[in-house]
Amino acid sequence: MKVHPSDLVSVSEGVLCAGVGLEHGALSGIASLLAREGAVAAGVVRAGPLPEWITKRYEAWLCSGNAKGLDYLGRHHGPRFDTSHVGLLQKGASLVLCAAFPYADGARQDGLWPLVARHARGVDYHLTVRDRLARVSLAIEQLVPGSRCRVVVDTAPLLERSLAVACGLGTIGRSGMLLVPSVGPKVVLGEIICAEVPADGAAQWPESRSEDFPDCGDCRACVDACPLRAIQKDGTVDVRRCLSYWTIEAPDQELPIEVMKTSQLLFGCDVCTEVCPKCRPMATALEPGPSGGLDALSLVQLEDVSNEELSKALRGTALERTGISRVRRNARAVAHQLPRTRL
Ligand code: B12
Ligand code: SF4
Ligand code: SF4
């Protein structure tokens, strides 16, 4: 589904909020609050089963072994494939609001931060986005008496990119990333699952994929730049070749040699987003904020610092979940490639 100029809603703060349903339905007025909280795009879709073409696409990806090591992606298909699913999410959900928050471009150049993927620098974005959406969800509960909301950022069994497209936030690019018009791929997503909120004005799920990568044109920059060729023809990613997987999620074992030779970061990989010509720096990007003790460390010091100190340095950052032994492992891979003078 494409976003049309008429869906673009300029709000008082001058931030663009592309999406569906935030102007006309029960949630009109919420768009400007979201923009104040730093969202660049937001919209709503009716809760309920996802169309079969999306769930089939997901299952085909999973069954082909693309998600090796990410066992959690094979669990909890109930809420993933039907957002009104009773139980794990919000009981009796009627509506899902999805919002995109841009992250800062060159933020945090101190200490080890330049070796961390941009979306993960400073305070853990899960916490930042959660706080922002929690304030919005409180406003929704006040606006719609009897409603209940639950905020979700990344960690729940939801297909967040699909929800974002259905909500009119943008399109899926060849890299698999959500591309927000005038912003590009450098956004993180968060949702508010709402119960007892009328779904008038909300988007319906599109009946088909209709077009592949509608905003990419002939560009293939991400596919060509991906160090281990993880991006597949259909725009999905083979995690077995993805540096982001190896540095964030892979178990503690040593990294494969080809990863050792290519991984530039302690956490994540920015290559497919950095090369994307759709990227635009955003004034309202999430502020990384002061956090953790990575500011004062170098790669060499990382070798000597105690587990306790490192664990303290990671606290409150997105690297905390990856943990000290994997961060040390990733540091060995990065050091493997850097000249001694840059360590
Ligand atoms: C598992 C995971 C990973 C894995 C696998 C990535 C992948 N591409 O599947 C790994 C660890 C490799 C990874 C890496 C990254 N991730 Co990640 N990841 C996730 C997670 C938890 C699940 C994704 C998933 O289900 N993948 C399976 C595939 C098949 O599903 P999918 O990518 O959602 O694709 C669906 C849509 O494309 C849809 N679709 C395709 N065309 C169309 C058309 C229409 C009209 C519609 C409606 C739908 C649709 O079909 C697919 C499903 O059937 C999500 C959070 C979430 N709960 O969704 C974050 C998430 C996708 N990751 C995110 C980020 C930021 C990243 C990294 C940039 C981090 C980094 N710098 O290292 C990289 C980018 C790599 C890449 N090119 O995708 C963001 C993406 C934001 C964005 N702009 O898209 C998310 C949404 C987290 C968040 N809350 O912000 N990630
Ligand atoms: S995150 Fe890096 S390794 Fe993964 S698909 Fe993008 S460019 Fe390739
Ligand atoms: S780099 Fe090019 S092909 Fe890849 S997502 Fe961006 S515009 Fe599309």
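The shell around ligand 1 receives at least two residues from each of α2 (52–63), α5 (160–166), β8 (187–195), α7 (243–248) and α9 (271–274), where helices (H or I, at least four residues) and strands (E, at least two) are DSSP runs numbered from the N terminus. The model is predicted, and local features need pLDDT of at least 70, side-chain atom pairs count only at pLDDT 80 or more, and totals for chains, interfaces and linings use all residues. Residues are numbered from 1 along each chain as its sequence is written, while chains are lettered from A and ligands numbered from 1 in the order in which they are written.

Ligand 1 is surrounded by 42 residues, of which Arg57, Glu160, Val188, Ser244 and Gly268 are the closest; a residue is near a molecule if its C-beta atom, placed from the backbone, lies within 6 Å of it. With 5 residues, α5 gives the most to this shell. At least three residues of the shell around ligand 1 come from each of domain 1 (5–195) and domain 2 (221–272 + 291–342), with bounds from an automatic or database domain assignment.

Around ligand 2, the residues include Cys226, Cys242, Ser244, Cys269 and Cys272, and the elements that give two or more residues to the shell are α7 and α9.

Ala100 touches Ala39, Val40, Ala41, Ala164, Leu169, Val180, Val187 and Leu189, not counting residues up to four places away in sequence; two residues are in contact if their C-beta atoms, placed from the backbone, lie within 7 Å.
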